[in-house]
Amino acid sequence: MKTRAAVLRRMGLPRPYAQSLPLRIEELELAAPGAGEMLVRVTAAGLCHSDLSVIEGARPRPMPMVLGHEAAGVVEALGPGTVAFAPGDHVVFSFVPMCGDCLPCAEGRPALCENGAAANTAGTLLGGARRWCDAPEGQMNHHLGVSAFAEHTVVSARSAVKIDPALPPEIAALFGCAVMTGAGAVLNTARVPAGASVVVFGLGGVGLAAVLGAVVAGAQPIVAVDTLPEKRALALTFGASHAVRAGEHAVAEIRAITGGGAAYVFESVGNEAVLAQAYAATGRGGMTIATGLPHPTKQFSVPAVSLVAEERTVRGSYMGSAVPRRDVPRFVALYQAGKLPVDRLLTHRLRLQDVNEGFDRLAEGQAVRQVIIM
Ligand SMILES: NC(=O)c1ccc[n+]([C@@H]2O[C@H](COP(=O)([O-])OP(=O)(O)OC[C@H]3O[C@@H](n4cnc5c(N)ncnc54)[C@H](O)[C@@H]3O)[C@@H](O)[C@H]2O)c1
Ligand SMILES: [Zn+2]
Ligand SMILES: [Zn+2]
């Protein structure tokens, strides 16, 4: 079938993207779903900084690629042997497909699925196939098994989770990345206990979802750090108890607020220098949690003795250490009960053709989550 999709052919084009147009809306041929796959009509797709990092070239991926990984849709057709879904099912995508067979999957850590990671790096679906056709050259890559900036997409059934059809698509999409990553980092990776101190560096979709997760956990204080005053003001309305301006004085301020350093400090910028500040703002016995994705060449170092003498922990958190089939319904239930107001992350609704302007806005920090309504 033919479908319209936003295609990235070259990374590293200059801003503004409204002029350089890194993403072009093209009519592509989409092959029928293979074994264990399904055709999904995309209903809403969010713009995440990880998409922006691919556009910038900070997170290199095989080109050309149909971008987008935070989205919701409705199943239209099943490939042979796909049994867990039926046409008409509403789904949220998971940006790491879980094979179910590798050791991390067997251990209940599907965010670390080895076969899923290999497929994502190669730009294929979980089974190794590509369903986008780019005539005449042929190969067109999938983004994290999802490729959601498109009217239709084909995914592995292991890249999707069924959701309540009553959920509005533009809200449902947010659970696929921002919520799973930010709330998951707090509730799964760090397992923050009630009354523990939390700091969040970087108040985008991921960081603000972490603030919401910290509120659910009952953390106190919750210190929100960003360079932009609007983001800090927003975090206070999300339930942060303190806001600190990012910069050279931030660590000292945090140490004063938390009485010597926080128990849990989250980095959701994707900058190794900010990760170093997060480590410096963590207290004795505390945990520093990295959710941001810096360029693969960047390094991070700590005073080695502090790990031992202060019993410090540094943890990475990929996809919020989520088990999507457990956590998407769990976080949706918290949202529907009014306890995780993730709709507040949604700042803009876009059309597919506005996607380049949307990434300009994200790069300038003028948006939290912008969602394309298909
Ligand atoms: N771990 C995962 O599974 C996962 C999933 C999604 C996104 N990510 C990564 O998380 C990061 C955040 O993503 P996002 O979509 O929330 O991004 P975003 O662009 O919406 O937010 C980033 C925020 O950081 C702020 N910031 C910039 N420099 C700062 C500094 N020096 N100190 C403090 N704040 C600063 C910006 O003003 C902005 O508010 C990115 O690196 C992204 O690639 C990781
Ligand atoms: Zn994302
Ligand atoms: Zn696996």
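## Ligand 1 between two domains

Ligand 1 lies between domain 1 (2-177 + 321-373) and domain 2 (191-316), because both domains give residues to the shell around the ligand. The model is a predicted one, and the two domains are those given by the domain assignment of the protein chain.

The shell around ligand 1 comprises 32 residues, of which His49, Gly202, Gly204, Ala246 and Gly270 are the closest. Two or more residues of this shell come from each of helix H2 (49-56), helix H5 (169-189), helix H6 (205-217) and strand E13. Sorted by class, the residues around ligand 1 are 14 nonpolar, 16 polar and 2 charged.

## Contact between the domains

The C-alpha centres of domain 1 and domain 2 are 28 Å apart, and the contact between the domains involves 16 residues of domain 1 and 12 residues of domain 2. On the side of domain 1 that touches domain 2, helix H2 makes the largest contribution, giving 3 residues. The residues on that side of domain 1 fall into 8 nonpolar, 4 polar and 4 charged.

## The open parallel sheet

An open sheet is built from 6 strands, which follow one another in the order E14-E13-E12-E15-E16-E17 with parallel pairing. From one strand to the next, the twist averages 20°.

Helix H8 (residues 250-257) packs on this sheet, where it touches strand E12 (198-201), strand E13, strand E14 and strand E15 (262-267), and the direction of helix H8 makes about 160° with that of strand E14.

## Strands E12, E13 and E14 in detail

Strand E13 (residues 222-226) is joined to strand E14 by 4 bridges, the two strands running parallel, and in this pairing Val225 stands opposite Val244 of strand E14. Strand E13 is also joined to strand E12 by 4 bridges, again in a parallel arrangement, with Val200 standing opposite Ala224 of strand E13.

Which way do the side chains of Val198, Val199, Val200 and Phe201 point from strand E12? Val198 and Val200 point one way from the strand, whereas Val199 and Phe201 point the other way, and all four of these residues are buried. Strand E13, the partner of strand E12 through these bridges, is also among the elements that give two or more residues to the shell around ligand 1.

Note on methods
Residues are numbered from 1 along each chain as its sequence is written. Chains are lettered from A and ligands numbered from 1 in the order in which they are written. This is a predicted model: local features need pLDDT of at least 70, side-chain atom pairs count only at pLDDT 80 or more; totals for chains, interfaces and linings use all residues. Two strands pair if DSSP finds at least two bridges between them. Axes are lines fitted to C-alpha atoms, for helices over the stretch in contact, and angles run from 0 to 180 degrees between N-to-C directions. Two residues are in contact if their C-beta atoms, placed from the backbone, lie within 7 Å. A residue is near a molecule or strand if its C-beta atom, placed from the backbone, lies within 6 Å of it. Ala, Val, Leu, Ile, Met, Phe, Trp, Tyr, Cys and Pro count as nonpolar, Asp, Glu, Lys and Arg as charged, and the others, Gly among them, as polar. Domain bounds come from an automatic or database domain assignment. A residue is buried if 20 or more other C-beta atoms lie within 10 Å of its own, exposed if 12 or fewer, and partly exposed in between; C-beta atoms are placed from the backbone.
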